[in-house]
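Please look at the sequence and the model below before reading on.

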Amino acid sequence: MIDIALTEEQRDCLQELINVAMGQASDKLARFLNTFVHLNVPNIELVNFDSLPADFTENYAQQNLSVVSQGFYGNEGIRGESLLIYKVNTLDDVAKILGYEPGEISDNEQLTDISSILTTTFLNGLAELIENQLSYSAPRVVSSATSSLDDHLKQLSFDWDLALKVDISYMVTDYSFDCDMVLLIPGEAVKNIQLVLERILKEY
Amino acid sequence: MDLPQINQFLVKEINVGIIVIDAEAKVKFINQFVLSNTDLATDYQEQSLFNLFPELPEKWLKRKIESVFTLNTPAFTSWEQREYLFKMRHTRPITTENDYMAQNCTLLPMSNNADNQPELLGFIIEDATDVCFYQKQLSQTVEKLEISNRTDSLTKVANRRYWEERLAIEFERAKRHNQPLSLIMFDLDKFKNINDTFGHVAGDTVLIEVAQNVAQNLRQSDLLGRYGGEEFAIILPETDAEGALVLAERIRLGLAMHQIKVDEGTVIATLSLGVICICDDYSQYEEMITRADMALYQSKRDGRNRTTLYQA
């Protein structure tokens with residue numbers, strides 16, 4: 001396994017970039033959703049492969065979850081997979097938030113629609129900050145009440161060594177809605193991110 | 001060929017659909033792949049996307065298009081949630097069941113510079129008909145496997161493993177909701193004699209017919225399983241001891257009246273049954289099985305062809 005420890009400076013830099021990207025994302029989302037969107041300052045955490053399934057098991061014990069995965073890739077060898085994790089009982093308002101009619105589209109499609117918007121808006125902002133450009137695969141529901149998150153983590157198409165866990169809480173006026181976003185990044189790509197962070201740190 | 005020519009050639013020849021619209025959903029460009037697989041005329045330019053493709057879910061798609069222009073991010077549709085967006089013919093009309101091409105679509109923001117607000121939106125339409133077809137076949141196969149995995153191959157009732165899994169679930173449910181739950185376990189009397197007299201093939205026939213005959217007496221929610229050899233067991237949710245006892249007697253008398261025809265003649269099979277109802281003292285479902293078995297052997301000791309209710 002590749003040594004994936006970020007220095008304190010790199011970590012602060014990444015946290016700052018994520019904060020700014022989140023701010024921009026919430027601004028854009030407010031405009032699109034036509035309502036005030038409040039976004040908590042995200043908590044970022046680097047987790048290694050072994051501890052993540054245990055973390056999730058603890059956090060989401062006894063909960064019905066829906067998980068949507070979306071791959072991303074960009075220049076300079078940056079790539080990974082974003083997981084958005086929802087507790088099923090918090091999903092009632094998604095259609096309203098998106099401005100859809102009740103029953104207009106299936107629950108799973110509401111879920112992939114909102115996930116794609118959250119993921120791509122945030123990651124596009126982050127990519128812009130580091131002068132990169134990202135492309136995305138289509139979002140997929142990888143886990144629902146009938147299949148487990150554990151299984152998905154074990155079956156990911158690439159071996160990831162480090163997970164950048166970003167907990168976001170989106171609060172939308174009149175609706176409550178929150179989810180966790182987790183970015184899984186393979187070791188090679190983490191090295192590339194470190195190079196980018198070093199470059200940015202030098203520039204300031 | 002220069003680069004623009006190469007690009008133009010590929011866009012024309014590639015087996016991927018491309019439709020470009022502006023923010024007002026006026027169509028700017030449609031590539032050959034889409035034209036070939038629809039009945040569109042070539043004078044599509046500046047017409048509304050929703051006029052050209054009346055099948056599109058207008059309200060939802062407009063909102064989605066808006067997200068691409070406002071957020072400057074791509075949006076997606078997948079055949080798994082929505083089999084197709086545009087009604088197009090596909091290239092497997094003979095070997096698949098789909099009426100239209102199953103599609104994965106990307107709605108791509110287009111501008112000269114990635115930082116600018118998008119000027120146009122490109123639909124990239126990928127043919128997923130094959131994947132969709134194989135996925136459906138796979139799901140059907142998995143379903144068949146799941147059924148065969150929980151079925152006793154001879155008698156077609158539940159096998160022991162599945163029967164116990166279900167008992168564990170019903171036991172927990174009964175405990176949680178404080179509802180009655182009963183079991184009947186039964187064994188064919190002197191099955192060895194049947195085998196010795198008529199042969200193993202006849203023995204198999206008897207097992208199959210017994211399972212069918214018993215199953216006729218059950219409700220949808222009851223579960224008959226083959227516990228092993230000539231021993232069977234029935235889970236009876238929401239059934240008290242009295243109800244289970246009545247059913248056990250009906251099963252026993254019904255089978256005793258039933259003639260089973262085998263090559264060498266006719267067999268009358270009788271059963272010894274043990275009945276038990278859940279009680280607060282049991283903390284594990286296995287305790288019910290053990291006690292139902294004890295009641296069953298009491299029936300055997302008392303002379304067979306009878307039912308015993310377990311009483312502590």
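Is B:Glu170 buried or exposed? With a relative accessible area of 9%, B:Glu170 is buried, where buried means under 20% relative accessible area, exposed over 50% and partly exposed in between (1.4 Å probe, protein chains only). The model is predicted, so local features need pLDDT of at least 70 and side-chain atom pairs count only at pLDDT 80 or more, while totals for chains, interfaces and linings use all residues. Residues are numbered from 1 along each chain as its sequence is written, chains are lettered from A and ligands numbered from 1 in the order in which they are written, and side-chain values use heavy atoms, with hydrogens and water left out.

**Chain B as a whole**

Chain B contains 10 helices and 12 strands; helices (H or I, at least four residues) and strands (E, at least two) are DSSP runs, numbered from the N terminus. Of the 312 residues in chain B, 45% are buried. The chain exposes about 16700 Å², and carbon and sulfur atoms supply 49% of that area; accessible areas come from the Shrake-Rupley method with a 1.4 Å probe, and for residues only the protein chains shown count as cover. Among contacts (heavy atoms within 4.5 Å) in chain B between residues at least 6 apart in sequence, 61% join residues at least 24 apart.

One buried position is B:Val20, with a relative accessible area of 8%, in strand β1 (residues 17–22) of chain B. Leaving aside residues up to four places away in sequence, B:Val20 touches several residues, including B:Phe29, B:Met110 and B:Leu121. Its C-alpha atom is separated by 9.4 Å from that of B:Leu107, 87 residues apart along the chain.

**Salt bridges**

Over all chains, the whole structure holds 22 salt bridges, each being a side-chain nitrogen of Lys or Arg within 4 Å of a carboxyl oxygen of Asp or Glu.

| Pair | N to O distance |
|---|---|
| B:Lys136 and B:Glu83 | 3.6 Å |
| B:Glu165 and B:Arg161 | 2.9 Å |
| B:Glu170 and B:Arg173 | 3.4 Å |

B:Lys136 lies in helix α5 (residues 129–149) and B:Glu83 in the loop between β3 (75–77) and β4 (103–110) of chain B, so this pair ties together parts that are 53 residues apart in sequence. B:Glu165 and B:Arg161 are separated by about one helical turn because they stand four residues apart in helix α6 of chain B. B:Glu170 and B:Arg173 also lie in helix α6, three residues apart; B:Arg173 is partly exposed at 36%. In chain A, a network of salt bridges links A:Glu76, A:Arg199 and A:Glu203.

**Surface patches**

Patches are made of residues with over 30% relative accessible area and no salt bridge; like charges are joined within 9 Å, and nonpolar side chains (Val, Leu, Ile, Met, Phe, Trp, Tyr) within 5 Å. Lys and Arg count as positive and Asp and Glu as negative, while His and the chain ends are not counted. The place of a charge is taken as NZ of Lys, CZ of Arg, CG of Asp or CD of Glu.

A negative patch gathers A:Glu8, A:Glu9, A:Asp12, A:Glu16 and A:Glu198. Helix α1 (residues 8–33) of chain A gives the most to this patch, with four residues. On chain B, a nonpolar surface patch of about 540 Å² is made by B:Met1, B:Leu3, B:Ile6, B:Phe9 and B:Leu10.
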